[in-house]
Amino acid sequence: MSSQDNPEENLPAEQEHAPGAVTVADEKNPFADPGLPPHEHRVQDIDEQAAKRSERTVALLFTVSMLATVGFIASYVTIGIDTSVYVWPIGHISALNFALGTCLGIALFCIGAGAVHWARTLMSDEEIADERHPIEATPEVKAKVMADFKQGAKESALGRRKLIRNTMFGALALFPLSGVILLRDLGPLPGTKLRHTIWSKGKLLVNMNTNEPLRPSDIQVGSLTFVKPEGLEEHDHDFQTEIAKAATMIVRIQPDNIKDKQELEWSYQGIVAYSKICTHVGCPISLYEQQTHHVLCPCHQSTFDLSDGGRVIFGPAGHALPQLRIGVNDEGYLEALGDFEEPVGPAFWERG
Ligand code: FES
């Protein structure tokens with residue numbers, strides 16, 4: 001007959017004096033130690049059917065964790081990044097984020113809940129009192145720890161309850177896949193994308209404030225206007241990515257005041273278009289001094305001369321602002337005649 005058939009064999013031997021227990025007060029120990037209360041056995045300790053039910057519950061939780069991890073991966077692969085879903089009371093949120101978060105939460109919760117239920121119902125819950133001991137472990141203590149560990153492993157019945165063991169290993173082995181699959185978001189490498197913007201020949205210069213294409217007559221001498229390429233809308237998924245490279249400013253200078261020959265050729269009746277992204281570390285330039293034609297970056301005070309090819313005249317910026325070549329189309333609107341001929345923003349990208 002095994003100990004399973006007779007759970008009483010597993011019960012702790014009655015001890016008249018539990019370790020550390022002091023039953024009566026004396027001079028050295030003026031407070032009596034009541035000792036541990038009588039141990040109450042759980043139903044799983046005495047009923048193998050109940051133990052089996054707990055085993056199946058734990059296995060179910062680990063299995064649900066595995067399914068949730070598979071659901072996490074399936075959600076990542078199948079749900080579009082733009083798909084939204086209504087969730088009360090939050091409102092409309094990203095379906096992908098909702099699915100990933102829910103699956104990840106369930107996978108983690110079920111592993112935790114399975115472990116807790118296993119410990120509470122099937123592992124030994126025998127109360128033990130132990131003496132306080134010095135922090136430094138003696139060889140005897142180490143030997144005792146190892147013996148306790150082996151005893152714990154034996155009592156957890158990891159070897160005997162193969163269903164729990166296998167499903168737990170399955171849940172723990174599958175769960176890291178959630179993190180591995182997210183590594184896909186690190187790629188692909190940017191390639192030459194940072195060298196180009198969405199400006200191209202024929203794209204109209206659209207006022208960023210009014211969202212209207214501009215005619216030369218809209219640009220007054222001394223004014224500073226921020227423009228974006230035609231077709232780039234704020235609600236576009238990649239708006240922030242694209243405008244971070246394509247943001248452009250235009251000013252009008254008397255053609256006689258333009259010192260740089262190429263700048264004059266790339267302008268239209270004194271209207272010049274320059275990248276709005278500072279070549280130092282990429283802040284948006286926003287301050288224009290109309291008498292000197294200087295623009296100032298508010299971050300570290302780099303100053304560029306828009307009447308002289310966007311040359312740096314002060315500050316830490318490494319090189320001139322890239323100029324956009326512009327003209328006018330048949331309908332009289334300002335248009336780009338191509339992309340910037342060099343990477344916009346910090347000089348860092350030129351070294352790539
Ligand atoms: S980012 Fe413009 S000066 Fe530093």
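This is a predicted model: local features need pLDDT of at least 70, side-chain atom pairs count only at pLDDT 80 or more; totals for chains, interfaces and linings use all residues.

Visitor: How is the chain divided into domains?

Guide: Into domain 1 (7-186) and domain 2 (193-351), with bounds from an automatic or database domain assignment. Their C-alpha centres lie 62 Å apart.

Visitor: Which residues of α5 are buried?

Guide: Ile 164, Thr 167, Met 168 and Ala 171. Buried takes 20 or more other C-beta atoms within 10 Å of the residue's own, exposed 12 or fewer, partly exposed is in between, and C-beta atoms are placed from the backbone. Helices are DSSP runs of H or I, at least four residues, and strands are E runs of at least two, numbered from the N terminus.

Visitor: And which exposed residues does the face turned away carry?

Guide: On α5 that face has Lys 162, Asn 166, Phe 169 and Ala 173.

Visitor: Switching topic, which residues touch the most other members in the largest nonpolar core?

Guide: Leu 205, Ile 250 and Val 272, out of 33 residues. Such a core is a set of buried Ala, Val, Leu, Ile, Met, Phe, Trp, Tyr and Cys residues joined through C-beta atoms within 7 Å. β6 (271-275) is one of the elements supplying at least two residues, and the largest share, 4 residues, comes from β6.

Visitor: What does UniProt put on residues 271-335?

Guide: The unreviewed entry has the annotation "domain: Rieske" there; annotations like that may be inferred rather than shown by experiment, with positions in the numbering used here and feature names shortened. Over residues 271-335 the chain is 0% helix and 38% strand.

Terms used:
Residues are numbered from 1 along each chain as its sequence is written.
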